[in-house]
Amino acid sequence: MPGIPLRNGGPAARIAVIPGDGIGAEVTPQAVKVLKAVAVPAKRALEFVEFDWSADKYLREGVTLPAGAVEMLRDEFDAILFGALGDPRVPSNQHAADILLGLRFQLDLYVNARPVELLHDRLTPLRDRTEKDIRLMVFRENTEGLYVGIGGNFKKDTPDEIAIQEDMNSRKGVERIIRYAFEYARKNGLKRVCMSDKSNAMTFAHGLWQRVFKAVRQEYADVDSRHLYIDTLAMELVRDPRQFDVIVTCNLFGDIISDLGAQLAGGLGLAPSGNIHPGKTSLFEPVHGSAPNIAGKGIANPLGSVLTSAMMLEFLGWTAEAAALRVAVRAALHENYVTPDLGGEKKTTEVGDWIAARAAKIASTSS
Ligand code: ATP
């Protein structure tokens, strides 16, 4: 997948690592190992500082996102490599909301970039589709919409209960994500941008998306732009994904449509994402969650986290090293050196070791 805007492109970077819960704590160390392996031959200085923010810490100390954490990350780190949060012992998911949504909102990471790229023909559930047919980018608005937590319950836990959740959309917020999608398409020579909403039913909130989209698209006459209602987009993505290069949509729809996209390209174990504010400290995480059902078994697929690290390297301006990671992941898929979710029998650490060795070799021959 083509690059995303540069953070610095310099020879050194400081990375905050938040492995989190469940399989997040299993796959993230694999990604760090792979990053260290490519940094050496590429003569890059990557410094990692790990933070133990997780359900364990929350249950032990009552702390979710410590005081001053956001400022520290913003001022002292170039990027954040994140695993996953979620633990059955915290049914409210309070720590996940405070940490992940807290960082997205407080670092103003308004672009959630979720590439959907088929890396091996056998991985798609779609009949007769090949690698060249499934290659697109979903941009999910990441700081507004139904995720802002405005609402409440009235007469909770009674038969008369009322629950309200507000969908908050600002003109500034809608405009910057739509504009980012067009800029990304233009910079990467991609021809088509599709904005998706549900403005026929959500006339106020998504009426705003419609009006902003119509205004912004005027400035990008070189890019083909169109609109689809979200239900139609879901249908069309399955029917013929070749229609799409760039999709831009709101927070909730982006969450759903990118999971659909992940399945088109081999499942959650492979899907990467970036939570980005161009030019500022940004956070990179695999699309999957903590997957309590397979946590602790050593079988989680680390490739989503490795591809996430490749996105992070691109953000840092290290395109050759990012490419080395991607080539190594493709090689693992082609040689079937993979975990059970992709039909293999390798363990998480075995795949991590294999990718690290292969990526280091590629980086040393290209440097
Ligand atoms: P969320 O935190 O997003 O609410 P979750 O933690 O319940 O979700 P996910 O981690 O998103 O679940 O994944 C759903 C299922 O997909 C998992 O239960 C697991 O079976 C599978 N899965 C997800 N990620 C991976 C992975 N990296 N390797 C193998 N299987 C995975």
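The following legends describe close-up views of a predicted model.

**View 1. Strand β3 and its parallel neighbours.** Strand β3, residues 79-84, is mostly covered, with 6 of its 6 residues buried. Strand β1 (residues 12-20) pairs with β3 in the parallel sense over 5 bridges, and I18 stands opposite F82 in β3. Strand β12 (residues 282-286) also runs parallel to β3, joined by 3 bridges; here A79 stands opposite S282 of β12.

**View 2. The aromatic pair F139 and Y180.** The model contains 8 aromatic pairs. In the pair of F139 and Y180, the ring centres lie 5.2 Å apart and the planes meet at 85°, so the arrangement is edge-to-face. The pair links distant parts of the chain, 41 residues apart: F139 belongs to strand β5 (residues 135-141) and Y180 to helix α5 (residues 171-187). Both F139 and Y180 are buried.

**View 3. The aromatic pair Y337 and W354.** The ring centres of Y337 and W354 are 5.4 Å apart with planes at 20°, so this pair is stacked. Y337 is in the loop between α10 (319-334) and α11 (348-366), while W354 is in helix α11, 17 residues apart. W354 counts as buried because its relative accessibility is 16%, and the cut-off for buried is under 20%.

**View 4. Charged ends over aromatic rings.** The charged end of R140 sits over the ring of Y147, 5.1 Å from the ring centre. Likewise, K198 places its charged end over the ring of Y229, 5.9 Å from the centre.

**View 5. A nonpolar surface patch.** F154, I162 and I164 form this patch on the surface, with about 290 Å² of accessible area together. F154 lies in strand β6 (residues 151-154).

How values were computed. Residues numbered from 1 in each chain as written. Predicted model: local features only at pLDDT ≥ 70, side-chain atom pairs only at ≥ 80, totals over all residues. Heavy atoms only, no water. Patch = residues over 30% accessible without salt bridge, like charges linked within 9 Å, V, L, I, M, F, W, Y side chains within 5 Å. Areas by Shrake-Rupley, 256 points an atom, 1.4 Å probe, with all protein chains shown as cover. Salt bridge = Lys/Arg side-chain N within 4 Å of Asp/Glu carboxyl O. Helix = DSSP H or I, 4+ residues; strand = E, 2+ residues; numbered from the N terminus. Buried < 20%, exposed > 50% of the residue type's maximum accessible area, 1.4 Å probe, protein only. Pairing = 2+ DSSP bridges. Phe/Tyr/Trp six-rings, centres within 6.5 Å; stacked < 30°, edge-to-face > 60°. Lys NZ or Arg CZ within 6 Å of the ring centre and 35° of its normal.
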